[in-house]
Amino acid sequence: MEITKIAIIGAGNMGHQIALCAAMSGFQVKCTDTNPDILAKAIAFADNYLKERVIKGKLSEEAASQALENLAFVPTIEEAVVEADLVIEAIIEKLEVKRKLFANLDKICPAHTILATNSSYIVSSKIADATNRPEKVCNMHFFNPALVMKLVEVVQGLHVSEETVDSVMNAAKKMNKTPVLLHKEIYGFLVNRLLQATRQEALKLLDMGVASFEDIDTAAMNGLGYPMGPFQLLDLTGVDLAYHVGMEKYKESGDPADRPSPTVVEKFTKGEWGKKVGKGFYDYEQ
Ligand code: 3HC
């Protein structure tokens, strides 16, 4: 199936950029969020981003207005999915919330619609059985910032059909992304397993008082050539996301080693969730 219409559920950190990326690649996109403030922020971002791309000489005026034409931010989920070939869910990392959403999507989407989750860790088999179309439910995982990062992980659990995987891989390519296909479901997929190893060690070094978070970032950038240090990246992807992901894993495994680190818990409790709120490890207000 050729995908031409995409619905994005959740206009937060990831959703609004995935929506814009798809609209700039010629898809008809409808994006929604239950929080009107987040939706308003996403609309302003899209407008501003496209204007800036034109000023920077990275995009023609025609391409920018075409992208805006392709993209609608709508207040209800029903409006978003009514004609969608593909739905990409980008909401909070809580399994029960996602299962509820997918059960509803199954009821209100056309029969042919593929339902993908952008979850960072939750494999789609944990969600697919909330629907009557498990063969059309898969992981399609983008990276932050989604407008820049090329990779998309597509995961084919046992329940996912070849047709679904082909359609999603092709849609990712049409978005100018570089998709990789995982033939098995595994917690954290490829990238987050690699990232987690670095992040855990960085948090451990900080919690042990070995070095400041700034110096750990400097070490990763200047000693390993990483574009960003682990704490800058935590601020970008969201301390809240790291907290929820850790808690979900801990709930499932019961292993205290899976709990978010004391530093992440402290930052989460203080509301210092990173760039999106103006403060995380670093201060973005200035
Ligand atoms: N949104 C959109 N575009 C952005 C952006 C943002 N937040 N930040 C930077 N950009 C764009 C700029 O507009 C610029 O575009 P241009 O070159 O076409 O004009 C380009 O990115 C480079 O920007 P800068 O020169 O300002 O900054 P850098 O060269 O430092 O790049 C970066 C910024 C791309 C964010 C780079 O630091 C980087 O690659 N960092 C690592 C990001 C990463 O590892 N992401 C994966 C996170 S893990 C994840 O997402 C998984 C999830 O499950 C948690």
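## Charges over rings

A charge sits over a ring when NZ of Lys or CZ of Arg is within 6 Å of the ring centre and within 35 degrees of the ring normal. In this predicted model, Lys267 lies over the face of Phe281, at 5.1 Å from the ring centre. A second case involves Arg259, whose charged end sits over the ring of Tyr250, 5.2 Å from the centre of that ring.

Together with Phe213, Phe231 and Tyr282, Phe281 forms one aromatic cluster.

## Aromatic pairs

Searching the whole structure turns up eight aromatic pairs. One of them joins Phe45 and Tyr49, and this pair is stacked, with 5.7 Å from centre to centre and 15° between the planes. Both residues belong to helix H2 (residues 36-55), where they are four residues apart, about one turn of the helix.

Phe45, at 28% relative accessibility, counts as partly exposed.

## Where H9 meets H10

Two packed helices are described by the angle between their axes and the distance between the axes. For helix H9 (residues 213-224) and helix H10 (residues 230-237), the axes come within 7 Å and cross at roughly 105°. H9 and H10 are therefore roughly perpendicular to each other, since angles of 65 to 115 degrees fall in that class.

Which residues make this contact? On the H9 side they are Phe213, Ile216, Asp217, Ala220 and Met221, and H10 brings Pro230, Phe231 and Gln232. By type, the contact of H9 with H10 divides into six nonpolar residues, one polar and one charged.

## Where H8 meets H12

Now for another crossing. The axes of helix H8 (residues 191-207) and helix H12 (residues 262-270) come within 9 Å and cross at roughly 85°. That angle makes H8 roughly perpendicular to H12.

Here Leu203, Leu206 and Asp207 of H8 meet Pro262, Thr263 and Val264 of H12. The residues in the contact of H8 with H12 divide into four nonpolar, one polar and one charged. Lys267, whose place over the face of Phe281 opened this report, has a number that falls within the range of H12, residues 262-270.

A cis peptide bond joins Pro145 to Asn144, with omega about 0°.

The other two loops feature positive phi values. Asn176, in the loop between helix H7 (162-174) and strand S8 (178-182), has a positive phi of about 65° although it is not a glycine. Phe189 lies in the loop between S8 and H8, and its phi is near 55°, again a positive value in a residue other than glycine. Which of these residues is buried, and which is exposed? Asn176 counts as exposed, at 52% relative accessibility, whereas Phe189 is buried, with a relative accessible area of 1%.

Ser25 sits in the loop between helix H1 (15-24) and strand S2 (28-32), and with a relative accessible area of 17% Ser25 is buried. Leaving aside neighbours within four places in sequence, Ser25 is in contact with Lys174 and Met175. Ser25 and Ala67 are 42 residues apart in sequence, and their C-alpha atoms are 7.8 Å apart in space.

Arg99, in helix H5 (residues 95-108), is partly exposed at 21% relative accessibility. Its C-alpha atom is separated by 5.2 Å from that of Ile127, 28 residues apart along the chain. Not counting residues up to four places away in sequence, Arg99 touches Lys126, Ile127, Asp129 and Ala130. Finally, Glu248 of helix H11 (residues 239-253) is buried, with a relative accessible area of 19%. Its contacts, leaving aside neighbours within four places in sequence, are with Glu93, Lys94 and Leu95.

Technical notes
Residues numbered from 1 in each chain as written. Predicted model: local features only at pLDDT ≥ 70, side-chain atom pairs only at ≥ 80, totals over all residues. Heavy atoms only, no water. Phe/Tyr/Trp six-rings, centres within 6.5 Å; stacked < 30°, edge-to-face > 60°. Buried < 20%, exposed > 50% of the residue type's maximum accessible area, 1.4 Å probe, protein only. Axes fitted to C-alpha atoms, helices over the stretch in contact; angles between N-to-C directions. Parallel < 35°, antiparallel > 145°, perpendicular 65-115°, else oblique. Contact = heavy atoms within 4.5 Å. Nonpolar A, V, L, I, M, F, W, Y, C, P; charged D, E, K, R; others polar.
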